[in-house]
Amino acid sequence: MRGTRRTRLCLAGVMAASALIATPAARAAERTDGHLTDLVNPFIGSQNEGNTFPGATVPFGMVQLSPDTGHSTGYDYTQNRVRGFSLVHLSGVGCRIGGDLPVLPTTGEVTQTDYARYAAGFSHADEQASPGYYRVGLDSGIRAELTATERTGVQRYTFPATGRANVLLNAAQALHKPVSSSVEILDDHTVRTEITGHGFCRDTGPYTVYTITRFSRPFTAYGTWDGAAVTAGARTGRGGAYVRFDTTKDRTVEATTALSYVDARGAAVNLRAGGGRSFDAVRRRAREEWERRLATVRVRGGDPTLRRTFYSSLYRSFLAPNIGSDADGRYTGWDRRVHRAERFTYYQNWSLWDTYRTQAQLLALLAPREARDMALSVVKVDEDGGWLPKWGYGPVETNCMSGDPVTPFLTTAYQTGLLKGFEERAYRALRKNADGVPPAGYPGIGREANAEYIAHGYAPFVKDRPLSKLGDSDYHHGASVTLEYALADAVLAQMARGLGHDADAARYAARSRNYRTLFDPSTGFFRARDASGAFTGPADPARGTGFHEGTAWQYQWLVPQDLPGMIGLIGGARAANERLDTFFAYDRLLADPARTAREVWVHGDAYDYYNADKYNPMNEPDLVAPYTYLATGQPWKTTDVVHAALTLFTDGPTGMTGNDDLGTMSAWNVLSSIGLFPIQPGYSTWGLSTPVFDRVDLTLDRRFWPGGGLTVTAPGTSAADRYVQAVRTDGRPHTRTYLTTDALRSLRDVAFTVGPRPSEWGTSPQAAPPVLK
């Protein structure tokens, strides 16, 4: 999902990114002492609208304690003033949200209350980040260090020797739009706040976060502010608070801040559960947690830059969704009531239009226990609030993006065995979502154009239709919405059949062919239809309307459930291969893969989605497109395209392809580097392409993956020797271009033989991925 800010991503920017590796922050990520965490550079994606954050968090933590520099989503590497270190950030989103309770250490008198005015300067030369830790030296002479637990952020400030060392806690300003705030000094160690805000890409319903901050030693003075008026000695206020320390002898102050989306009691519970330890102890534990998480994947081969890029992507893949329940199990549901999670952890923050394509599958493979709880949390959104989410932030629906992304997200969980014991509960919610539209009083739009889609086989494109609810409208993107609905129907049909709901399965399978209603024989591409059924918008597929963040060229390939059918529409395999070659600029790619990726595919600004006939590796609609060659008899071209796209991931601040979208692009990098990719999102088909490492060892949870591990080998793989000559699974020849989830459950070894030229492997019609019927 993308925002509206624009930044040029060009070859010069990439050259600058390489130069930035020499900075102290990047050198910290480059050092290796045997720890995988030392291969991670959290600054990757913090420039050119990647919108990542470099601050401290643990895997899937509720708290992401990170600096805000003035960028709409938090941190921008090109900016050099810190407004505060705030508690909540989303990795790689395109719209502002979070940034709650920015905290900043200062010295002297407190005279300013606007964090844009009291912001502190800093230099990247005195800045460092690693998983679970962030440090920066401020121009004021103060050193700030951050670390985190699941539900708390821990700060350590080292001040100059002074009797007026302050910590400012700003409750009234954040990345989101403020509604109300309050702050209270509870005692000489403790500050409590309540913050209500709303926002994201468009206004949403409000949500409230509660915090409690406990300092390591008593204040010598304190005060609060309302607006610009600072009142020394006041214990309550609506804007913020400052607390003061004497650091003439002891220059260090530590503080732990707990967060809750439930109430002040929840914040106190989380403080007791996560507090009480020293900064260094929390930092060590956070590092250990990240080390264990990253160690689920061990790679051999590849140069240091490739390994740093890979493990940084793996790190970002584990940043979200985020814990939403307190340590006592309570959480705020989508009905705005308090519920308690029994025997599971409740998660929130659902960028489903993005994550259903890559990250959901990666987490099912590498973090199945958490992925199970995430799937159950989505089911609970329906059971608590009345409908499944589309793009949820905290306890509110944003209605960002379009289509029906929740269906392939949950059917992925079903196909990977994460819903055992809850299959029917999930299916009931999915069936309701697939066959209806949320009631007018519900904030979500669900499948907003469902009535027309079910009646006529397509969602109409109605450009000027007024928004019925806040957010995006499916009617404004009728062409892409039809394709998304049809994909969702296809994977839901497979789940229905597996559960014995045969009539439903037949109905959804028939609807999954609705993509055909968009095909215009006069252009040979999909086109939007208006409410009367007529094709509408420009005939040029690079300029067509009705596609969300893309064009007909990019959405041409979003029919993974029936590629033979789609290929037949455009004239057969030869015509499809010619069109794919044009789409990927294949001849130029063979001559110079990296240059083609940066100068032909990335055709403009980071948010230029339209007016293009080429692959856009910076956005979600065609993430699966490189794997289409697996179905057209030319699987070696999948490797060519994938390996070219992988060059867009680098180990500097500009090393992201567009926004990360809560781990979506990072998961694409990880899976494509391993050589296993979910080519039918929402189902159990994993496409094969040449790995970039000689060996990858995956440690898998035996409770969900009985084999307990999988080793993928490709000895000698390189830019020159990148073509699959043969594949063997547990020593047996494997001629198909894909594996199934069931096969992965029992396999221990997938062995690629690679060479310098394309081979006959995977070229027979029988090798192609299956059709979902």
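These questions and answers cover strands, a helix pair and salt bridges in a predicted model.

Biologist: How many residues of strand β6 are buried?

Modeller: Strand β6 spans residues 133–138. Tyr 133, Arg 135 and Gly 137 point one way, and Tyr 134, Val 136 and Leu 138 the other. Both sets are buried. The count for β6 is six of six.

Biologist: Which residue in β7 stands opposite Arg 135?

Modeller: β6 pairs with β7, residues 143–148, in the antiparallel sense. Four bridges join β6 and β7. The residue in β7 opposite Arg 135 is Glu 145.

Biologist: At what angle do helices α10 and α13 pack?

Modeller: α10 covers residues 406–415 and α13 residues 478–498. Their crossing is left-handed. The axes lie 9 Å apart, and the angle is about 35°.

Biologist: How many charged residues are in the contact of α10 with α13?

Modeller: From α10 come Thr 407, Pro 408, Thr 411, Tyr 414 and Gln 415. They meet Ala 488, Val 491, Leu 492, Gln 494, Met 495 and Gly 498 in α13. By class, six residues are nonpolar and five polar, and the number charged is none.

Biologist: How many residues apart in sequence are the parts tied together by Arg 316 and Asp 660?

Modeller: Their side chains meet in a salt bridge, at 3.5 Å from N to O. Arg 316 lies in helix α6 and Asp 660 in the loop between α20 and α21, so the pair ties together parts whose separation in sequence is 344 residues.

Biologist: Is Arg 511 buried or exposed?

Modeller: Arg 511 forms a salt bridge with Asp 435, the closest N and O atoms being 3.1 Å apart. Asp 435 is partly exposed, at 29% relative accessible area. The cut-off for buried is under 20%. Arg 511 has 8% relative accessibility, so the class is buried.

Biologist: Which residues join Asp 435 and Arg 511 in one salt-bridge network?

Modeller: Asp 435 lies in helix α11 and Arg 511 in helix α14, so this pair ties together parts 76 residues apart in sequence. Salt bridges that share partners extend the network.

Notes
Residues numbered from 1 in each chain as written. Predicted model: local features only at pLDDT ≥ 70, side-chain atom pairs only at ≥ 80, totals over all residues. Heavy atoms only, no water. Buried < 20%, exposed > 50% of the residue type's maximum accessible area, 1.4 Å probe, protein only. Helix = DSSP H or I, 4+ residues; strand = E, 2+ residues; numbered from the N terminus. Pairing = 2+ DSSP bridges. Axes fitted to C-alpha atoms, helices over the stretch in contact; angles between N-to-C directions. Left-handed = near helix turned anticlockwise from the far one by under 90°. Contact = heavy atoms within 4.5 Å. Nonpolar A, V, L, I, M, F, W, Y, C, P; charged D, E, K, R; others polar. Salt bridge = Lys/Arg side-chain N within 4 Å of Asp/Glu carboxyl O.
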